[in-house]
Amino acid sequence: MSKPKIKIQTLSVYISTTLVLLLLGAMCALLLSANSLSEHIRRNMTMSVVVSGKMSKQDILKFQQRLEKLPCVISSKYISSEKILEEQKIELGTDPVEFLGYNPYDPSIDLTLKSDYARPDSMALLEKQLLKDERVTQVVYHREIIESVNDNIRKIAVALLAFMAVLTIISWSLIGNAVRLSIYSKRFLLHTMKLVGATWEFIRRPFIMHNLRIGLFSGIVADILLGGVFYLLLQEEPAMITILPPTSLVIIGSAVILFGILMTVTCAYLSVTRFLRMRGNDLYFL
């Protein structure tokens, strides 16, 4: 009559471990998504370097090549004063030349910066250096947006890390209790094996291997479920692949499996050791 009970206990360990790993994997995905989103936004931040309208196009292009050699610049784009005027006509709904009699806009060079440099302090330092050049009349970038993005991403990351730390402690407790209950029914068998001279390592081995399989299987199932959810999200929003690329998914999947194995094996080791240290009479009062 005890066999079905053992199967139910084992099944409960599988289910509880899978659910815990699924939740942890989802939190890891959110954390990596926040970091990837921050990187994506910073990679698309541009700085417009407005140059003197007295410069010839050839001189501006030479200056552009010099700017491209800066270690913080990924690429650059020359925008003529005529193109800026056309864009302003569309945005303003009127032609400034009709009122002023001339094109008031100077040409500019848009710089795309590396994500490590797309930060308020780095961009302010770069602005200061550029303005020292007499050919540069103005440097334009969205300081408020950059500061807001960095602050919000930082707050989200801290909140997620704190929540993951709490979740890890709760997960350890839940999986530990589930594993401990599955071993509890065999506590007298452990004591009997100890009495007949079996070493503690010999007694622990089958329990550790059994729970290793539980951790591995639960991690794989959790990864499959997470992959299914991501696939559905990708069907609705293809841009998700840029926020959570395949490399991040591999990292999450590997972390979930490793964490599942570590949790179940550690809990099994500690639980078996606890029962082995107890005297036979004490086993009746648990």
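Modeller: This is a predicted model. Its largest nonpolar core has 24 residues, and Ile-175, Val-179, Ile-183, Leu-190, Ile-203 and Val-272 are those with the most contacts inside it.

Biologist: Which helices supply at least two residues each of this core?

Modeller: Helix 1 (2–43), helix 6, helix 7 (187–195), helix 8 (200–236) and helix 10 (246–277) do. Helix 6 gives the most, with seven residues.

Biologist: What does Val-272 touch, not counting residues up to four places away in sequence?

Modeller: Val-272 touches Ile-183, Leu-190, Ile-203, Arg-204 and Phe-207. There is also a second, separate core of 21 residues, which includes Met-45, Ile-60, Cys-72 and Ile-109.

Biologist: Why are helix 5 and helix 6 called roughly antiparallel?

Modeller: Helix 5 (residues 120–131) and helix 6 (residues 143–184) pack at an angle of about 155°, their axes 10 Å apart. Angles over 145 degrees count as roughly antiparallel, and therefore the term applies to this pair.

Biologist: Which residues of the two helices meet?

Modeller: From helix 5, Pro-120, Met-123, Ala-124 and Glu-127 meet Arg-143, Ile-146, Glu-147 and Asn-150 of helix 6. By class, this contact has four nonpolar, one polar and three charged residues.

Biologist: What is the mean pLDDT of the protein chain, and where does pLDDT stay under 50?

Modeller: The mean is 81, and 95% of the residues reach 70 or more. Where pLDDT is low, predicted coordinates should not be read in detail.

Technical notes:
Residues are numbered from 1 along each chain as its sequence is written. This is a predicted model: local features need pLDDT of at least 70, side-chain atom pairs count only at pLDDT 80 or more; totals for chains, interfaces and linings use all residues. Side-chain values use heavy atoms; hydrogens and water are left out. Axes are lines fitted to C-alpha atoms, for helices over the stretch in contact, and angles run from 0 to 180 degrees between N-to-C directions. Helices (H or I, at least four residues) and strands (E, at least two) are DSSP runs, numbered from the N terminus. Angles under 35 degrees count as roughly parallel, over 145 as roughly antiparallel, 65 to 115 as roughly perpendicular and the rest as oblique. Contact means heavy atoms within 4.5 Å. Ala, Val, Leu, Ile, Met, Phe, Trp, Tyr, Cys and Pro count as nonpolar, Asp, Glu, Lys and Arg as charged, and the others, Gly among them, as polar. A nonpolar core is a set of buried Ala, Val, Leu, Ile, Met, Phe, Trp, Tyr and Cys residues joined through side-chain atoms within 4.5 Å. Buried means under 20% relative accessible area, exposed over 50%, partly exposed in between (1.4 Å probe, protein chains only). pLDDT is the predictor's confidence in each residue, from 0 to 100.
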